[in-house]
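I opened this notebook to keep track of what I looked up, one topic at a time. Each entry starts from something I wanted to know and ends with what I found.

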Amino acid sequence: MWRWQILFSNYSFLMVIGGMSHGGLTQAASEYLPDTYQQKIDRAVQRNAIDRPALLATITWIKQLAETTQSPEVIAELARLQCANAEVETKRDKQIELYKDCVATADRALTIRSNEIAALYWKAVAIGKLSEESGVLNALHLMRPMEKLFLRVIELDEQYDQAGAHKALGRIYHKLPRFPISFGSTRKALFHLKSALRLFPNDIIARAFYAELLFDLGKKQEAYRHAKYILDFPIAAENIFRYSRFIDIARHLSEKAGA
């Protein structure tokens with residue numbers, strides 16, 4: 001099935017991701033986001049699935065800071081927090097609403113500073129999640145704007161969110177249909193997923209996407225090696241929700257490989 005699922009979260013999806021891996025961000029201290037503030041935001045995002053009240057309290061705090069300062073960095077971090085909140089929302093309609101709020105917040109930051117990397121990235125992640133709920137034609141329509149945002153993130157800092165843009169693009173190019181239906185590309189998928197692993201060789205999200213691509217290319221034993229790495233990887237309790245879908249990919253690949 002071609003339909004793309006970002007998983008960034010990285011923090012996710014990653015995490016996207018979709019998502020998405022939500023940890024490992026390195027940002028210089030700024031006037032409105034000193035290291036102590038950034039650490040509090042990072043922790044709230046990383047623990048979104050096991051301590052949502054703390055996440056919501058952090059959102060309230062950063063929303064107030066954003067209104068007071070009108071700092072694009074602060075507003076972009078608010079979008080990131082909103083994505084983390086949407087990721088763990090169980091009601092579909094509410095989740096869609098939360099991802100739309102994330103896009104709107106990111107747009108606010110980008111109006112002030114067009115190259116605010118966090119705003120570019122989390123807007124793309126939110127668009128990816130919204131595309132999953134919009135039907136095939138609308139989803140295809142959203143792919144190009146999302147691709148453009150992720151490519152811009154790579155130009156600014158390809159390591160952002162543990163190479164989240166590389167992982168997302170690798171997944172997109174792998175799962176989308178090829179020309180003339182859409183712009184899927186095995187060559188591009190390989191480039192971006194290899195780039196993500198070059199930068200973060202222990203990242204299990206990149207490995208899961210790469211293993212799935214290798215399997216589809218007929219490289220089953222190589223795919224199995226990556227899947228085994230994921231299944232053997234120790235996962236902290238706060239990351240179980242975030243990484244469960246990637247572990248499922250690895251487990252499914254291992255079963256298909258007959259391991």
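**Entry 1: aromatic pairs.** Before counting anything, I wrote down that rings of Phe, Tyr and Trp (its six-membered ring) pair if their centres lie within 6.5 Å, and that planes over 60 degrees apart count as edge-to-face. I also noted that I am working with a predicted model. With that rule I found that the structure holds eight aromatic pairs. I looked at one of them in detail: the ring centres of phenylalanine 209 and phenylalanine 246 are 5.8 Å apart and the planes stand at 70°, so I recorded this pair as edge-to-face. The two residues come from distant parts of the chain, since phenylalanine 209 belongs to helix α9 (residues 204-216) and phenylalanine 246 to helix α11 (residues 240-256), 37 residues apart. I then checked burial, where the cut-off is under 20% relative accessible area. Phenylalanine 209 counts as buried at 2% relative accessibility, and phenylalanine 246 counts as buried at 0%.

**Entry 2: the overall layout.** I stepped back to see how the chain is built, and I counted eleven helices and one strand. The protein chain has 259 residues, and buried residues make up 56% of them.

**Entry 3: the nonpolar core.** My reason for looking was a general one: in soluble globular proteins, nonpolar side chains tend to be buried together. Which residues of the largest nonpolar core touch the most other members? The core has 77 residues, and the answer was Leu81, Tyr121, Trp122 and Phe150. Helix α5 gives the largest share of this core, with eleven residues. I also wrote down that Tyr121, Trp122, Phe150 and Tyr160 form one aromatic cluster.

Entry 4: Leucine 149 and leucine 120 are 29 residues apart in sequence, yet their C-alpha atoms are 5.8 Å apart in space. Not counting residues up to four places away in sequence, leucine 149 touches Leu120, Lys123, Ala124 and Ile127.

I then turned to glutamate 147, found in helix α6 (residues 136-157). Is glutamate 147 buried or exposed? I found that glutamate 147 is buried, with a relative accessible area of 7%. Its side chain makes a polar contact with the side chain of tyrosine 173, at 2.5 Å. Leaving aside neighbours within four places in sequence, glutamate 147 is in contact with Leu169, Tyr173 and Phe183.

**Entry 5: salt bridges.** I reminded myself that side chains of opposite charge can pair when their charged atoms come close. How many salt bridges does the structure hold? The count was 17, and I followed some of them.

- Arginine 47 and glutamate 238 meet through their side chains in a salt bridge (3.4 Å, N to O). This pair links distant parts of the chain, 191 residues apart, with arginine 47 in the loop between α1 (35-46) and α2 (52-69) and glutamate 238 in the loop between α10 (220-232) and α11. Arginine 47 is partly exposed at 22%, and glutamate 238 is partly exposed at 23%.
- Lysine 123 and aspartate 107 meet in a salt bridge as well (2.7 Å, N to O). Lysine 123 lies in helix α5 (residues 117-131) and aspartate 107 in helix α4 (residues 92-112), so the pair ties together parts that are 16 residues apart in sequence. Lysine 123 counts as buried at 17%, whereas aspartate 107 counts as partly exposed at 30%.
- Aspartate 203 forms a salt bridge with lysine 167, and the closest N and O atoms are 3.1 Å apart. Aspartate 203 lies in the loop between α8 (186-199) and α9 and lysine 167 in helix α7 (residues 160-175), so the pair ties together parts that are 36 residues apart in sequence. Aspartate 203 counts as buried at 6%, and lysine 167 counts as buried at 3%.
- Asp42, Glu77 and Arg80 are linked in a network of salt bridges.

**Entry 6: charges over rings.** Last, I looked for charged ends placed over aromatic rings. The charged end of lysine 40 sits over the ring of tryptophan 61, 4.4 Å from its centre. Likewise, the charged end of arginine 207 sits over the ring of tyrosine 229, 3.7 Å from its centre.

Key
Residues numbered from 1 in each chain as written. Predicted model: local features only at pLDDT ≥ 70, side-chain atom pairs only at ≥ 80, totals over all residues. Heavy atoms only, no water. Phe/Tyr/Trp six-rings, centres within 6.5 Å; stacked < 30°, edge-to-face > 60°. Helix = DSSP H or I, 4+ residues; strand = E, 2+ residues; numbered from the N terminus. Buried < 20%, exposed > 50% of the residue type's maximum accessible area, 1.4 Å probe, protein only. Lys NZ or Arg CZ within 6 Å of the ring centre and 35° of its normal. Polar contact = N/O pair within 3.5 Å; in protein donor to acceptor, adjacent residues only side chain to side chain. Contact = heavy atoms within 4.5 Å. Salt bridge = Lys/Arg side-chain N within 4 Å of Asp/Glu carboxyl O. Core = buried A, V, L, I, M, F, W, Y, C linked by side-chain atoms within 4.5 Å.
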